[in-house]
Structure formats: C-alpha cells, structure tokens
Amino acid sequence: MGALPVFRWRLAPDGYATRRQLRALGLRPGGQPVAAQLERPRRRRGPLVAYLYRVDLAVPVRPMTPARRAALERANRARRTCPSCRRDAGYVIPAALGCCVPCAYPDPRGSEGSTP
C-alpha cells in the first residue's frame, strides 16, 4: 500500500470529506480506508492533520431505532449517575474525580454552604 496523498488545508479536491463533513451530509465512511489527509501547518509544532474519505464510497447513516435510542439513553444516564451517592448529577461525571463534585469535595461546613 502506498502513502496517502497529502493536501494543504482547504485545498482538498472535490469528492473527499472528513468524518464530520460526511455526517453533515447524512453519510458515514462505511468501512472504507482513509483516502487522503489534510495538513495545516503550525508554528513550532507538527501540523494539524485531518483524515479524508471518499464521498462516492460513503454509505448512509444507520437510522436511529427505538432500541438504539433506549440503549443510548441508558448509557448516558449511567455516565451521569454518581457511584457514591447514586444520584443523577445532571452532567457527565468526570473520570478524574470518579464521582460527582459534591461527593469529591464535601463541604466542611455541612450542607448550609457559605451562608452564615
């Protein structure tokens, strides 16, 4: 297999798209390999790289079925549930903390907070 064609930022020919651009078109790569890459030069660091896929080989996005929607809701609920207090935190629990912010940093003054 040869090397990938490399294009400068914003100079890719028609017929190529990033994953995000494919998704905006209602498409997905569908198992095709990366066809090319974009490079955006940066000062003092390596270039930013974006991988491109061929639009003509892309396939439609799979439709969201009720079972997939339910599974996605359960997964997101599990990411919001604190393992310590078992409450829905209302946000995704940070992996660095491992629990919700009130459990990770309990208020030493109790639940009253900073009010006298």
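Where is the place of threonine 81? Threonine 81 sits in the loop between helix H2 (66-80) and helix H3 (101-104). Helices (H or I, at least four residues) and strands (E, at least two) are DSSP runs, numbered from the N terminus. The model is predicted: local features need pLDDT of at least 70, side-chain atom pairs count only at pLDDT 80 or more, and totals for chains, interfaces and linings use all residues. Residues are numbered from 1 along each chain as its sequence is written, and side-chain values use heavy atoms, with hydrogens and water left out.

The side chain of threonine 81 reaches back to the backbone oxygen of arginine 77, at 2.8 Å. This is a polar contact (a pair of N or O atoms within 3.5 Å; within protein, one must be able to donate a hydrogen and the other to accept it, and residues adjacent in sequence count only if both atoms are side-chain atoms). Beyond its neighbours within four places in sequence, threonine 81 is in contact with Arg86, Arg87, Asp88 and Ile93. Contact means heavy atoms within 4.5 Å.

Four strands form an open sheet. Their order is S1-S4-S5-S2, and the pairing is mixed. S1 and S2 are the edge strands, each pairing on one side only. Two strands pair if DSSP finds at least two bridges between them. S4 and S5 pair in the antiparallel sense over six bridges. Within this pairing, alanine 36 stands opposite leucine 52 in S5, and glutamine 37 stands opposite tyrosine 51 in S5. S2 and S5 are also antiparallel, over two bridges. Here tyrosine 16 has arginine 54 in S5 as its bridge partner. In a regular strand the side chains alternate between the two faces of the sheet.

S4 and S5 form a hairpin with two residues between them. Arginine 44 lies in this loop, between strand S4 (36-42) and strand S5 (45-54). Its phi is positive, about 65 degrees, although arginine 44 is not a glycine. The residue counts as exposed because its relative accessibility is 86%. Buried means under 20% relative accessible area, exposed over 50%, and partly exposed in between (1.4 Å probe, protein chains only).

Arginine 10 also has a positive phi, of about 70 degrees, and is not a glycine. Arginine 10 belongs to the loop between strand S1 (6-8) and strand S2 (16-17). With 74% relative accessibility, arginine 10 counts as exposed.

Leaving aside neighbours within four places in sequence, threonine 18 is in contact with Ala50, Tyr51 and Leu52.

A nonpolar patch on the surface is formed by Tyr91, Val101 and Tyr105. Together they have about 290 Å² of accessible area. Patches are made of residues with over 30% relative accessible area and no salt bridge; like charges are joined within 9 Å, nonpolar side chains (Val, Leu, Ile, Met, Phe, Trp, Tyr) within 5 Å. Accessible areas come from the Shrake-Rupley method with a 1.4 Å probe; for residues, only the protein chains shown count as cover. A salt bridge is a side-chain nitrogen of Lys or Arg within 4 Å of a carboxyl oxygen of Asp or Glu. Valine 101 is placed in helix H3. With a relative accessible area of 37%, valine 101 is partly exposed.
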